[in-house]
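Here are my notes on the model you sent over. Have a look at it first, then read on.

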Amino acid sequence: MYMLRVTTATVLGLLACSGCSDPAPAAEPSQPQGWLDELALRQVVDLDPDPHVLELNLEARVESVELIPGKPTPMWTYDGGLPGPLIRAQVGDRVIVHFKNSLPEPTTIHWHGLRIPAAMDGAVGHSQSAIEPGASFDYDFVLPDAGTFWYHPHFNSAAQVGNGLYGPIIVDDPAEPPGLGDEVVMMLSDASVNDAGQLEAPNGGGDFGTLFGREGNLVLVNGRVNPTIHARAGLRQRWRVINTAKARYFQLGLAGHDFTRIGGDGGLTEAPTLSPSVLLAPAERADVLVEPGSAGPTQLADGLTVRWLPYDRGFGSVYNRPEEDVLRISFTDEALARSPALPELGRVIPAIDVAGATPVDIALTLDIPEDGPLSMGINGVPFSEADHIAARVGETQVWTVKNTFEWDHPFHLHGFFFQVLDVNGVSPAVREWKDTANLPVNGTLRFAVRFDERPGMWMFHCHILDHADAGMMGMLQLR
Ligand code: C2O
Ligand code: CU
């Protein structure tokens, strides 16, 4: 509508000035300058002049980060801050990361969700050996898919991710329609920090901590506690949300607003879906549109709060738990803006043909022996004793994953996208590519996966990292 507002004065001006250049079109309403400063992500320095090669240095090291004012916390960081710097490039671009480990223990980097060769996958003991303190490793791969991804260590994962090692990856598709909204990348996490600003031990709470999964007490968005977005009311925002917490589920709500979910783990979904909240199990991503303040002036004066809503992930998980503030949205005092119409969205995602697919049946299991530490596993055995699941390049498999617990588990497969067929017999509303899917209490997840030509050893595990570390992991051997 803004384009059509041509006043008499403008017309007279035009008549009076034949030969001078066209007047600037009336500006579309836009977000205020610096609106995302409190959520700003650090950018990488690209060492390669080729626009389709992103080459960077990355160092893991302990550095003080002020999460609680005046009480710096020695966090484990990529390049000295939380989260790690944003790695952003286009589909088909090559990424070269000269990684240096300056932590006091070994580490690796896993590029969560990227379909890259096994040798670049960061799985210690399977695709590479651990990178010792002081040592370096070069990661080098081509980005095959557009979407929202992330990177994190795959050694002593619960502790290392929990201590702060995680960073975002956005892969842009130049063919995506413009005008989806003003983008906000949000890495959601939590940290266990005491009043003095010190990190709590990663094994607090013993076996019960492991069983439940350890949630931190400070909720973080891009490494900040309750930051503020300074927005123009009514303008559409596109949130790319990544749950990097080691155990916490995030269910986000914004009172009076619905979210339009347009994408997930593996880029855009088949079609947008509307929902009153955004639910992300650990490691899942969501690409959602929202128009904060669109419901009118009553919302504007005090701004809005995005809240963490308790989500029932099993026994004791919502008992006595209040909602928590995650993020503030304050508004400029300009009039409510109207967002331009949403471009047509729809992605063709053909269903994987499961005729003749090989069935794979696994169960997530728990063992609490009387005389030893608890162990979690797959099919009754912990990771260290498990047989590999075999697959051939080009093969299609249908996995049935059964949860025998009183708690949910986010199930993650490395290196390949899958299509969820059903959860407890119910098919998803729209088709999409996933690499992590939540498996509810005592539930059953079925998914189809086709193995392309990237032979090697690939992990699958629960992304509650305390559970993965306790043995809820397995290997797929693709030949
Ligand atoms: Cu984020 Cu083994 O994964
Ligand atoms: Cu689990």
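1. Confidence first. This is a predicted model, and the average pLDDT for the protein is 93, with 94% of the residues scoring at least 70. The stretch to be careful with is residues 1-19, where pLDDT stays under 50 and the model has 10 contacts beyond four places in sequence.

2. C462 and H467 are both buried.

3. On to a sheet. What is the strand order in the open sheet of 6 strands? Reading across, you get β10-β9-β12-β17-β14-β15, with mixed pairing. The edges are β10 (218-221) and β15 (267-275); each has a single partner strand, so one side of each lacks a neighbour in the sheet. On average, neighbouring strands here are turned by 25° against each other, direction ignored.

4. Within that sheet, take β14 (residues 259-264) and β17 (residues 285-290): they run antiparallel and are joined by 3 bridges. If you want a spot to check by eye, R261 stands opposite V288 in β17.

5. Aromatics next. Searching the whole structure turns up 19 aromatic pairs. One of them is W111 with Y151, a tilted pair at 5.6 Å centre to centre and 35° between the planes. This pair links distant parts of the chain, since W111 sits in strand β5 and Y151 in strand β7 (residues 147-152), 40 residues apart. Both W111 and Y151 are buried. They also belong to one aromatic cluster, together with Y78, F99, F137, Y139 and F141.

6. W239 and F259 make another tilted pair, 5.8 Å centre to centre with 55° between the planes. Here W239 comes from strand β12 (residues 237-243) and F259 from strand β14, 20 residues apart. W239 is buried, as is F259.

7. Last, a proline. P104 lies in the loop between β4 (94-102) and β5 (110-112). Is P104 buried or exposed? It counts as exposed, because its relative accessibility is 60% and the cut-off for exposed is over 50%. Even so, P104 is in contact with V62, W76 and P133, leaving aside neighbours within four places in sequence. P104 and P133 are 29 residues apart in sequence, while their C-alpha atoms are 5.9 Å apart in space.

Key:
Residues numbered from 1 in each chain as written. Chains lettered and ligands numbered in written order. Predicted model: local features only at pLDDT ≥ 70, side-chain atom pairs only at ≥ 80, totals over all residues. Heavy atoms only, no water. Buried < 20%, exposed > 50% of the residue type's maximum accessible area, 1.4 Å probe, protein only. Helix = DSSP H or I, 4+ residues; strand = E, 2+ residues; numbered from the N terminus. Contact = heavy atoms within 4.5 Å. pLDDT = per-residue confidence, 0-100. Pairing = 2+ DSSP bridges. Axes fitted to C-alpha atoms, helices over the stretch in contact; angles between N-to-C directions. Phe/Tyr/Trp six-rings, centres within 6.5 Å; stacked < 30°, edge-to-face > 60°.
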